[in-house]
Amino acid sequence: MDSQWSSSSFFDREKHVVFLQMMNQLLPADYQGQEINRLTLAYFAISGLHILGALDQVDKEEVSSWVLSLQAHPRNEAELNNGQFFGFHGSRSSQFPRDDNGVLIHNGSHLASTYCALAILKIVGYNFSCINSKSILTSMRNLQQPDGSFMPTHVGAETDLRFVFCAAAICSMLENWSGMDKEKAKEYILNCQSYDGGFGLIPGSESHGGATYCAVASLQLMGFIENDILSKSSSSSIINVPLLLDWSLQRQAADGGFQGRANKASDTCYAFWVGGVLRILGGYKFIDKKALHRFLLTCQSQYGGFSKFPGQLPDLYHSYYGFSAFSMLEEPGLIPICVELGIADIAAIGH
């Protein structure tokens, strides 16, 4: 095994904080290809520091100012209703200026970036009454398709459960559901449940851990399923809960980790994606927590952060979901996480 890896027997919080501080200040060159997703990378770093109980390392005013500078704004009511989405850009490289006539030709604001922007603003305690939520919500309805799914940008792109979740999370954080037709979204989600109980990204596709999280978290945020549904006396639900529970529990592999699909290797991030589904359903108590704890520690770098698989280099994405998984495992010193929003509980309920 590489010298940077050791068989650690404990969660090394201090090194993880240093890892995220470094990532928050200056990303390594390998992240150049992700520049368009800079806002998402910032979400991983800032929310990760919050979960680790180290939000004091973040300049909250500087962060909120930077995030707000990435929002697209309509000039007038007519522009707001011309089919564009006025959310947040993922980075400066997708934020083009208006032309000589003041027309915003290249509006690259994106649903995922908007979710990450609002999550960051929640985390740093920004006053949401200062956000132009009307432009976000009114224009977001333009992205919802006749089948209930969402495109991430107004210029056209793939539609799947990831963006239904983003839309639901945005409405939830803004405490205003005018940005989507919940009934249509619900029908789309239900059409994505597969024969084996899990959910695919689109109707008819293979069940997948990430898609299943997006489906279940969205339904919970929209109020269509109760939290901890397994403990309720009523057995009626709009989804097949027993089959979903069975599929989710089967994703814990012999090595203790969670896989995203059947016959795949365990991967750090699915400890959150699938573990989160089980937490929402009330089935987290059925997993082997000690085995999961052991697996996650094999993915922990001695320099901080987590990798996708044991023995590989850590990255920001898998590190964040590693921290989230340890929060669900109630690791001492970590802030409890609001699973359905993907941020700390204290941020989800407001300051």
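**Entry 1: Ser 194**

I looked up which residues touch Ser 194, leaving aside its neighbours within four places in sequence, and I found Phe 199, Ser 205 and Ser 207 in contact with Ser 194, where contact means heavy atoms within 4.5 Å. I note at once that this is a predicted model, in which local features need pLDDT of at least 70 and side-chain atom pairs count only at pLDDT 80 or more, while totals for chains, interfaces and linings use all residues. Residues are numbered from 1 along each chain as its sequence is written, and side-chain values use heavy atoms, with hydrogens and water left out.

I then placed Ser 194 in the loop between α8 (182–191) and α9 (209–221); helices (H or I, at least four residues) and strands (E, at least two) are DSSP runs, numbered from the N terminus. Ser 194 has a relative accessible area of 17%, so I wrote it down as buried, a word that stands for under 20% relative accessible area, with exposed for over 50% and partly exposed for what lies in between (1.4 Å probe, protein chains only).

**Entry 2: cysteines**

How many disulfides does the structure hold? I found 0 disulfides, a disulfide being a pair of cysteine sulfur atoms within 2.5 Å. Cys 192 is buried, at 1% relative accessibility. For Cys 299, the closest cysteine sulfur belongs to Cys 269, again 10 Å away and too far for a bond, and Cys 299 is buried with a relative accessible area of 0%.

**Entry 3: salt bridges**

Side chains of opposite charge can pair when their charged atoms come close. I searched the whole structure and found 10 salt bridges, each a side-chain nitrogen of Lys or Arg within 4 Å of a carboxyl oxygen of Asp or Glu. One of them joins Arg 13 to Glu 14, at 2.6 Å from N to O, and Arg 13 is partly exposed at 23% relative accessibility.

I also looked up Arg 261, which forms a salt bridge with Glu 206, their closest N and O atoms being 3.2 Å apart. This pair links distant parts of the chain, 55 residues apart, with Arg 261 in the loop between α10 (241–249) and α11 (270–281) and Glu 206 in the loop between α8 and α9. Arg 261 is partly exposed at 29% relative accessibility, and Glu 206 is partly exposed at 46%.
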